[in-house]
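Biologist: I have a few questions about how the labels on this model were reached. Could we go through them together?

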Amino acid sequence: MPQVPQTLDASAVRAWCGLALEALGRAREEIDAINVYPVADGDTGTNLYLTVESAAAAVEAVFAAHAAMSVVGGPSGGQVFGGPASDGPASDGPVSDGPASEKGASDGPLIEPPTLADAVRAMAHGALIGARGNSGTILAQLLRGMAQVLAADTGTERTDGPGLRLALRHAADAARQAVAHPVEGTVLTVASAAADAASGADGDCAVIARAAYEGARAALAATPGQLAVLERAGVVDAGGRGLVAVLGALVETFTGAAPAMGAVPVLAPHARVRAETGECADGGPGHGPVHDESGPAFEVIYLLEADDTAVARLRDRLDALGDSLVVVGGDGLWNVHVHVDDAGAAVEAGVEAGRPHRIRITHFGPADAHTTGSTVRPVRERAQRAIVAVVPGEGLARLYAEAGATTVLARPGEPPASGELVDAVRRAHALEVVLLPNDAELRHTAAAAAEQARTEGVRVALIPTRSAVQGIAALAVHEPERRFDEDVVAMTSAAGATRYAEVEVAERQSWTMAGICQAGDVLGLIDGDVAVIGSDVTATAESVLNRMLSAGGEMVTLVLGDEAPPTIADHLEARVRESYLAVDTVVYRGGHQGALLLIGVE
């Protein structure tokens, strides 16, 4: 049996992250199946897995950076957040306590491992930027709370049982404070019980971890008695079940043996429900989760760069807009999660508070109901078909989401990775998915994401939309009742029949198809190529529109960026009415979308 650490140091943090990821990987589908609160959308296990995956990758990046610096003789002890993960697994098992310096070979370079502070800060930061869903966001705050205690003394290489005990207490308190309206019978209750049990234990890290795990497990079993929706569904809290898995991994880190997962409750002892049928195991009628279809229609999540004062105002604003509000983080970077009916207002509140990015808006379909009412149904099944779209601005994200699409926001200079698109496909939770990349440069990224989703059993059709206006045209003809192939053909045809253009400002001197442009010139691009170079935004836009309509058209779509002239839409609409009979114009507000104006002609 390999030697296991007796204290918590950087290597133990690395092992814990790896083991927690493995544990959540094994339990992911089980946790998804019992997810009924606050929304029965069947993704809590997946969200927790992705959150810990991000934390583990950040810790791996710290170790990789220290190894690289040691090889070249550079300084040690630096902090690296959010870098690429190593190709191998986060951990192959518990890591033994070793000397502060290690040599790979007798003549090899001296490798200084990260400090405990480096590792826990990376873990917390990785979880923060990668947090998914309500439970994932709360887990990120739990890890941040631990890191605040464990990294307080930057010169300490390790901590013992009392230190771990204090970290667990602070973590539970910090998570509770991050939730606008804490509810008992949830992961918050399980975290508090774990901290309480640890506080009553005395010993090394293994003893404290075991006490926290047992306290959490007992609290999890009691959650159906604290939350009516869990009792009616016959399940324990999904987020709490995930936390028990994470704490079980902590026990394994210090003991070398995972707690018996069979002892962890999943279904409430009085009513065992088959998720696929909604029937009780004893043959009696099943009780699906109680839900209220009048609950908020959208889940909005984003990272936010803002100061504490602005975030305090943001909490009040979002609390008035919806529910399930969780705001975690600090030191200028926050993760915001809320369920609302007005997704645009939630994003706009973030813009007023600071700089939101990595914005994700998910539309709750009829099967994704809030569990607060009185109607009974089985645990959520996959939708038959969904649309996943990449959009360049908050306004378009809202428009697409209202049309039922799951969106991925692409900020200027921040194109989404294939993993983000795969995550969006998972969130859509459908058997069939139509993927709209809405950018020619994302075609390979989208193709990789589609291929990955297919390996997970999802039927994916990639429509090579090159602009968000082509995506709008495709959405307009989408009919989920049609056969999948017929729907894809109709959407592809509509997108292909839409010419697209954009108006933007040149950042530097450059050669273009229309000649040499200077920095500050206004560029009109048609189908991806520069066609017009001008000095006035409105005049350039009119020239572009005239060129596009000279070949005919029935519908003009204008998507205005935040920095577009305020009168440009009225001017262009008037121009179309005067010169092109029977051509309609529709105008949308795109928000901070990079281009001043997007134009589509169908």
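Modeller: Happy to! In α7, the buried residues are Cys205, Ala206, Ile208, Ala209, Ala211, Ala212, Tyr213, Gly215, Ala216, Ala219 and Leu220. Please keep in mind that this is a predicted model.

Biologist: What covers the buried residues of α7?

Modeller: The cover includes β1 (8–9), β4 (158–159), α5 (161–178), α6 (187–199) and α9 (238–255).

Biologist: How do you know that the length of helix α7 agrees with what its residues should span?

Modeller: Helix α7 covers residues 205–222, which is 18 residues, and at 1.5 Å a residue these should span 26 Å. The C-alpha atoms at its ends are 26 Å apart, so the two values agree.

Biologist: What makes Asp204 a cap for the N-terminal end of α7?

Modeller: One of its side-chain oxygens lies 3.2 Å from the backbone nitrogen of Ala206. The cut-off for a polar contact is 3.5 Å, so a pair at that distance is within it.

Biologist: Let's move to β1. Why is Asp9 called buried?

Modeller: Its relative accessible area is 6%, and buried means under 20%, so the label follows. Asp9 lies in strand β1.

Biologist: Which side chain makes a polar contact with the side chain of Asp9?

Modeller: That of Arg158, at 3.4 Å. A polar atom of the Asp9 side chain also lies 3.3 Å from the backbone nitrogen of Ser11.

Biologist: In which sense does β20 pair with β22, and over how many bridges?

Modeller: β20 and strand β22 (residues 597–601) pair in the antiparallel sense, over five bridges. Leu560 has Leu597 in β22 as its bridge partner.

Biologist: And how many helices and strands are there in the protein?

Modeller: There are 18 helices and 22 strands. Of the 602 residues, 55% count as buried.

Note on methods:
Residues numbered from 1 in each chain as written. Predicted model: local features only at pLDDT ≥ 70, side-chain atom pairs only at ≥ 80, totals over all residues. Heavy atoms only, no water. Helix = DSSP H or I, 4+ residues; strand = E, 2+ residues; numbered from the N terminus. Buried < 20%, exposed > 50% of the residue type's maximum accessible area, 1.4 Å probe, protein only. Expected span 1.5 Å × (residues − 1). Contact = heavy atoms within 4.5 Å. Polar contact = N/O pair within 3.5 Å; in protein donor to acceptor, adjacent residues only side chain to side chain. Pairing = 2+ DSSP bridges.
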